[in-house]
Amino acid sequence: MRELSHEEAFAALDAAALDALDSAEREAVLAHADQCERCREELAALRATTAQLAFATPAVSGGVSGSRERIRSRLTARAAADAKVRGLAVDRTTDLSTREYRAIRTRINVLAWRRAEWIALAASVLLIVGVGVMASVLRDRENLRDALDGAAASTQRSQRSTDSLRALVMYKDSLINGITGRDVAMVHLTSSAARAPDAMMFWDRSRNGWTLVAHDLPMPQPGRTYQLWLVTPTSKINAGTFMPSNGEAMVRATYALARDSLRAVAVTDEPAGGMPQPTGQMVVAGNATK
Amino acid sequence: MTSEPAASGVAANASAALRGADTDAQLIRRMQSGDERALGAFYDRWFPIVNGLVARMLKSADDVEDVVEETFWQVWRQVGRFAEGRGSVQTWILTIARSRALDRLRAMRRRREESIDDDGGEDLVSSADPALVRTPDDPSLAVEHRERRQMIMVALDELPREQREALELGYFGGLSQSEIAERTGQPLGTVKTRMRLAMQKLRDRLSPLRGRAL
């Protein structure tokens with residue numbers, strides 16, 4: 001940009017005020033005016049004169065198709081939003097006289113109360129409807145909870161039944177395995193009595209399981225019980241006490257014993273609770289060495 | 001210097017007070033504090049003049065509406081920078097309005113290579129659509145505006161035709177001196193001289209109005 005002398009710039013000020021200079025010359029003139037107080041003041045005066053030319057046009061107050069009101073609405077809305085964004089909110093009360101302010105406040109209060117009444121009425125209706133809905137919801141919830149409890153109880157019962165059945169099946173499986181396994185030894189126990197009780201001991205040597213099945217056993221005397229013994233060359237091992245039911249009995253026990261150490265199996269009549277060593281009459285016995 | 005003569009400013013304020021309306025200065029201060037209603041009042045005062053100027057420079061009603069809105073929006077956005085002592089409100093807003101209209105006019109010309117010949121060389125000042133012409137709503141403003149317009153029209157009528165033409169083509173037509181020279185077939189130096197002489201005479205004739213607020 002070529003720097004202008006004061007005379008050159010001053011001569012171009014009128015055209016600058018009219019904005020009738022080409023852009024390069026305009027920039028040069030304005031740059032000079034920025035630095036030159038006399039040119040700056042002259043330019044301001046010339047601009048004030050050119051601004052008067054606007055009044056040479058007839059005032060056009062109506063605009064086209066209501067544009068005046070349209071523009072006004074847009075402007076004030078934009079300005080209000082802009083003032084809010086820039087934190088320039090205006091306290092409206094400062095523009096009003098005290099009487100006007102009180103009248104408006106009174107009106108606002110009345111409207112506020114009316115509004116409050118309507119809000120209260122609406123709130124009451126909503127409350128009633130809400131209570132009804134809530135009661136219905138609570139009833140439904142209780143019903144659902146009962147149904148859930150019932151279902152849970154049923155599930156528990158089913159689970160218990162399932163467990164029992166599973167235990168029974170396992171017991172039967174175990175029993176079957178205990179008497180039919182490949183490594184099961186059998187000892188037949190007999191008696192010399194008239195109506196001879198009879199029993200069979202199954203020894204599952206691989207699992208150390210013992211199963212005694214007895215028939216035709218009379219009930220022991222009161223205070224007495226039957227006790228099962230495993231007889232080895234060196235000891236008589238307590239395998240537990242039992243009572244028959246309708247002459248029948250099944251006793252199961254687990255005990256590890258060397259394969260060749262069993263000599264005999266016996267059932268004796270003993271005091272209730274059993275004894276450390278056999279003391280009573282032998283009821284049935286069988287030789288394991290056969 | 002363009003600051004308002006004290007007597008004129010007082011008279012204007014007194015006039016506004018008698019009308020029960022804020023003066024431009026009061027409205028400016030209210031706008032500076034963020035009162036959008038002051039912008040509304042300012043718009044009501046200045047819309048007829050601004051709209052008349054912009055409508056004179058632009059043809060499309062849509063463009064006029066846009067530029068008028070841009071003008072007042074710029075007023076709102078830049079009102080914080082306005083300093084009363086450095087110039088009058090009317091110079092400020094009319095300069096903004098004309099600058100925005102010029103921007104639009106020149107952009108349109110660049111886009112469409114539109115020729116100012118469309119104006120047919122008619123009198124730029126008196127060719128406004130009569131259907132749109134109305135006086136300002138406020139009767140006192142209307143009177144002041146009419147008087148002011150009358151003075152300006154007299155001043156323009158006193159100018160030699162070629163000087164007036166150069167002035168009007170520059171102000172309302174938005175043409176640069178080079179463009180005026182091209183359009184009128186006159187040497188650039190001649191155009192510059194005519195424009196300078198026109199401005200000097202106009203300045204003398206209109207000096208009583210300078211800084212006098214509506």
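**Exercise 1.** Determine what the buried residues of α5(A) pack against.

*Solution.* In this predicted model, local features need pLDDT of at least 70, side-chain atom pairs count only at pLDDT 80 or more, and totals for chains, interfaces and linings use all residues. Residues are numbered from 1 along each chain as its sequence is written, while chains are lettered from A and ligands numbered from 1 in the order in which they are written.

Step 1. List the buried residues (20 or more other C-beta atoms within 10 Å of their own, C-beta atoms being placed from the backbone): in α5(A) they are A:Arg68, A:Ile71, A:Leu75 and A:Ala79.

Step 2. Check their directions from the helix axis to the C-beta atoms. They lie on the same side of α5(A) because their arc around the axis is only 65 degrees. An α-helix has 3.6 residues a turn, so residues three or four places apart point the same way.

Step 3. Look for contacts (C-beta atoms, placed from the backbone, within 7 Å). The partners are α3 (36-57) and α4 (61-78) of chain B.

**Exercise 2.** Identify the exposed residues (12 or fewer such C-beta atoms) on the face of α5(A) turned away from its buried side.

*Solution.* That face carries A:Glu69, A:Ser73, A:Ala77, A:Ala81 and A:Val85.

**Exercise 3.** Describe the pairing of β2 (residues 198-204) of chain A.

*Solution.* Strands are DSSP runs of E, at least two residues, and pair if DSSP finds at least two bridges between them.

Step 1. Six bridges join β2(A) to β1 (residues 184-189) of chain A, antiparallel; A:Val187 stands opposite A:Met201.

Step 2. Seven bridges, also antiparallel, link β2(A) with β3 (residues 209-215) of chain A.

Key. Helices (H or I, at least four residues) and strands (E, at least two) are DSSP runs, numbered from the N terminus. Two residues are in contact if their C-beta atoms, placed from the backbone, lie within 7 Å.
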